[in-house]
Amino acid sequence: MDRPECKYGAECYQTNRVHKEKYAHPSKSTNDASTMEASIVQPTDSLVNKRTAEDIERDLEDIKRCKRPPTPEPDMHNAEEEDASSEYHGISRQRYTLPKLPMSVGMMSDLYDPQIEYSKLAEYKELCEDPRNFIKHKFLVEMAPCFDILWKFCTEQCVQGNIKPEDVFLQFGLKLVGPYDVLAGKFKDVKIHEPGDYLRHWRFYYDPPEFQTVMVQKGTGVHYGYWRDSPDDVNGLVAFNDAKKGCEFKIVGENIFDGLMHYLEHFATVTPFNKNKILEMKKHINEWALKQELCLKADIKQKARSKLIVCKTFHKVGLVVPYDRKSNVGYRPLLESDANLRNILSKFDRLNRSTNNNKYQEAMKELQPVITAANLAVDECDFGTILELAIDLFCSGAQCLSEVMKSLFFTGYSMAKRPQYIAIIKSHLDKRNEGIGFDLLANN
């Protein structure tokens, strides 16, 4: 029986047996046949280079028994190595070659989770060896030059007193914490925490994203740290706050040694037994600052900053955002005065929305117009207004307004191009606790 010829002729790509029986196909030339045969045989030959089934089965059994796979080899041929997207806050991450296992052997998590965890640990250990990058990676900010200078001062002092650098001032009730814990090596050989935990490390109840604690008075809410209007500001001022007294901060100087002197003069407990030691420490600080060409009690930076403040805030430090004074673009006053806003926010104090939603909704009727006006200001590029409102709500301490604050902060910091502060305020508001013990390493 004659079969109709296939319309594709010798070039037909069909391999179905029924199709072959139904249609006639002209024979290819010898060369074409040999080419076809080579193309079919080639993949089969390449299987010789693949791992044996026994090797694959052995790896799978090890993974199922929760054994860590062999140390991965660094991937030196990754095309993304030069890609800027492979960097996070300036830190290049080493890429590793994942094991070549078939996709049909089980759940992906069973195969790759142990390898991913190992890569995380390797990256964490690498960061611990580079304190500057650790701080930038985990705390999302860079430290001022005086930060390292103080650590060198403490290192010299501790040699004489046989104590740790972070405890040099403990005899006066003051301890170095926060990013100084990184320099002290306290983050080595401890469990790896979630990113938000590092951002909450020594972050007190009223600490806004602009403030980072570096020194605390033992057993109190008094703490000193850097104040940065922008997260990339490496010359931030030094401020302090007493968390037990409220949200107000005070700028005390232009470097961390100003903070030390302020503490010794105003908060250190002076007794007949330590009076001479305090005087001696002040002398050492002055001599060291002079040697390092640091000017104590200078006010040049503070005066320059005061000219950039667009409004007062409840924390008393003021708000600095990009603002064009000629066109008045960047900020406009809130709908309500500070006094009226305080009165409105007082109705949210200690208010539990889940148990008293009616009272919450009544209070929101007064606050909502202020929020709406701030959002309208953003539409006209006056984003400083919404940040002022967010800060004032934050300083009120009303936890029932946390979700409202997040929306305001996210919008304001996005417009001000300060994304690091978005991450910091979110982590803080997610677990905002009162008290004085905010040491992430306390439970390690």
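Predicted model: local features only at pLDDT ≥ 70, side-chain atom pairs only at ≥ 80, totals over all residues.
Author: Local features need pLDDT of at least 70 and side-chain atom pairs count only at pLDDT 80 or more, while totals for chains, interfaces and linings use all residues. Residues are numbered from 1 along each chain as its sequence is written, and side-chain values use heavy atoms, with hydrogens and water left out.

Reader: How do you know that the span of helix 15 agrees with its number of residues?

Author: Helices are DSSP runs of H or I with at least four residues, strands are runs of E with at least two, and both are numbered from the N terminus. The expected span is 1.5 Å times one less than the number of residues. Helix 15 (residues 402-415) has 14 residues and should therefore span 20 Å; its end C-alpha atoms are 20 Å apart, which agrees.

Reader: Which residues of helix 15 are called buried?

Author: Buried means under 20% relative accessible area, exposed over 50%, partly exposed in between (1.4 Å probe, protein chains only). Ser402, Val404, Met405, Lys406, Leu408, Phe409, Gly412 and Tyr413 are buried. These buried residues pack against helix 13 (357-379), helix 14 (384-396) and helix 16 (419-430), where contact means heavy atoms within 4.5 Å.

Reader: What makes strand 5 and strand 6 a pair?

Author: Two strands pair if DSSP finds at least two bridges between them. Strand 5 (residues 222-227) and strand 6 (residues 237-242) have six bridges, in the antiparallel sense.

Reader: Why are strand 3 and strand 7 called edge strands?

Author: Strand 3 (174-176) and strand 7 (249-253) each pair on one side only. The open sheet has five strands in the order 3-4-5-6-7.
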